[in-house]
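Let's take a friendly walk through a model and ask what lies behind each label. Every answer sets a value beside its rule.

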Amino acid sequence: MNLEVIKVAFIIFAIRVVDITISSYRTILMIRGQKLLTFITSFIETILYVYGLNLVLQRLDNFLNLFVYALGFAVGNYIGMLLDEKVGIGYETFVVIPSTCNGEIANKLREVGYIVTTVKGEGYKGEKDILYVTIRRKDLGKFEKFIKSFDPSAFYFTLETKRARKFTYLTKH
């Protein structure tokens with residue numbers, strides 16, 4: 001294998017990683033209603049996709065090019081998911097059902113600055129508090145650690161929150 005073949009394979013791989021990372025993130029932006037960012041990323045993604053595919057199609061006799069194209073696709077998806085976790089555009093709503101029904105966890109969340117809405121529910125063993133807490137997606141890990149440390153037996157799940165009107169975030173946490 002000569003240096004030119006390796007160079008082209010590396011370029012194909014790099015273009016595909018960037019292309020698919022952008023594609024993964026564009027999908028997330030689109031789902032969250034970010035129109036302008038979706039437009040911009042779609043444009044860049046298309047240019048990279050066509051250029052990278054062109055490099056592969058011009059050299060179909062070289063299996064390495066096809067291999068790195070597919071590998072770039074897989075790596076790009078992985079990086080796109082990591083990017084989403086780190087940047088965390090938008091909001092999520094945590095629904096928390098504490099193990100006890102005494103309002104303690106809701107009060108503790110409010111003390112550290114979270115906006116909490118509490119409703120009463122009926123569970124298998126009687127009345128339960130149901131807490132709704134809308135937070136920035138980038139704060140998911142911190143919030144989840146807080147819940148686990150305060151009430152390890154609490155049941156919780158998240159709801160995708162596409163829009164939050166008049167969203168207020170206290171600054172204590």
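Q: What makes a pair of side chains a salt bridge?
A: A side-chain nitrogen of Lys or Arg has to lie within 4 Å of a carboxyl oxygen of Asp or Glu. Please keep in mind that this is a predicted model.

Q: Why is the pair Arg 16 and Asp 19 called a salt bridge?
A: The closest N and O atoms of Arg 16 and Asp 19 are 2.5 Å apart. The cut-off is 4 Å, so the pair qualifies.

Q: How are Arg 16 and Asp 19 placed along helix H1?
A: They are three residues apart in helix H1, so about one helical turn separates them. An α-helix has 3.6 residues a turn, so residues three or four places apart point the same way.

Q: How do you know whether Arg 16 and Asp 19 are buried or exposed?
A: Buried means under 20% relative accessible area. Arg 16 has 9% and Asp 19 has 2%, so both are buried.

Q: What makes Asp 129 and Lys 120 a salt bridge, and is each one buried or exposed?
A: Their side chains meet at 2.5 Å, N to O, and the limit is 4 Å, so the pair counts. Asp 129, at 3% relative accessible area, is buried. Lys 120, at 52%, is exposed, because exposed means over 50%.

Q: Why do Arg 137 and Glu 92 count as a salt bridge?
A: The N to O distance between their side chains is 3.4 Å, and the rule asks for within 4 Å, so the pair passes. This pair links distant parts of the chain: Arg 137 sits in the loop between strand S3 (126-136) and helix H5 (140-150), while Glu 92 belongs to strand S1 (residues 91-97), 45 residues apart. Both Arg 137 and Glu 92 are buried.

Q: How many salt bridges does the rule give?
A: The count comes to eight.

Q: How do you know that the length of helix H3 agrees with its number of residues?
A: Helix H3 (residues 63-87) has 25 residues, and at 1.5 Å a residue it should span 36 Å. Its end C-alpha atoms are 36 Å apart, so the two values agree.

Q: Which residues of H3 are buried, and what do they pack against?
A: The buried residues of H3 are Asn 65, Val 68, Tyr 69, Gly 72, Gly 76, Gly 80 and Asp 84. They pack against helix H1 (3-31) and helix H2 (35-57).

Q: What is found at the ends of H3?
A: Asn 62 caps the N-terminal end, with a side-chain oxygen 2.9 Å from the backbone nitrogen of Leu 64. Just after H3, Gly 88 takes a positive phi of about 55°.

Q: How does the radius of gyration of the protein compare with that of a compact globule?
A: A compact globule of 173 residues would have a value near 16 Å, but the protein has 23 Å. Along its principal axes, the C-alpha trace spans about 70 × 30 × 30 Å.

Q: What is the pattern of helices and strands along the sequence?
A: The protein has five helices and four strands, in the pattern α-α-α-β-α-β-β-α-β.

Q: What share of the residues is buried?
A: Buried residues make up 35% of the 173 residues in the protein.

Key. Residues numbered from 1 in each chain as written. Predicted model: local features only at pLDDT ≥ 70, side-chain atom pairs only at ≥ 80, totals over all residues. Heavy atoms only, no water. Helix = DSSP H or I, 4+ residues; strand = E, 2+ residues; numbered from the N terminus. Expected span 1.5 Å × (residues − 1). Buried < 20%, exposed > 50% of the residue type's maximum accessible area, 1.4 Å probe, protein only. Contact = heavy atoms within 4.5 Å. Polar contact = N/O pair within 3.5 Å; in protein donor to acceptor, adjacent residues only side chain to side chain. Rg over C-alpha atoms; globule rule 2.2 N^0.38 Å.
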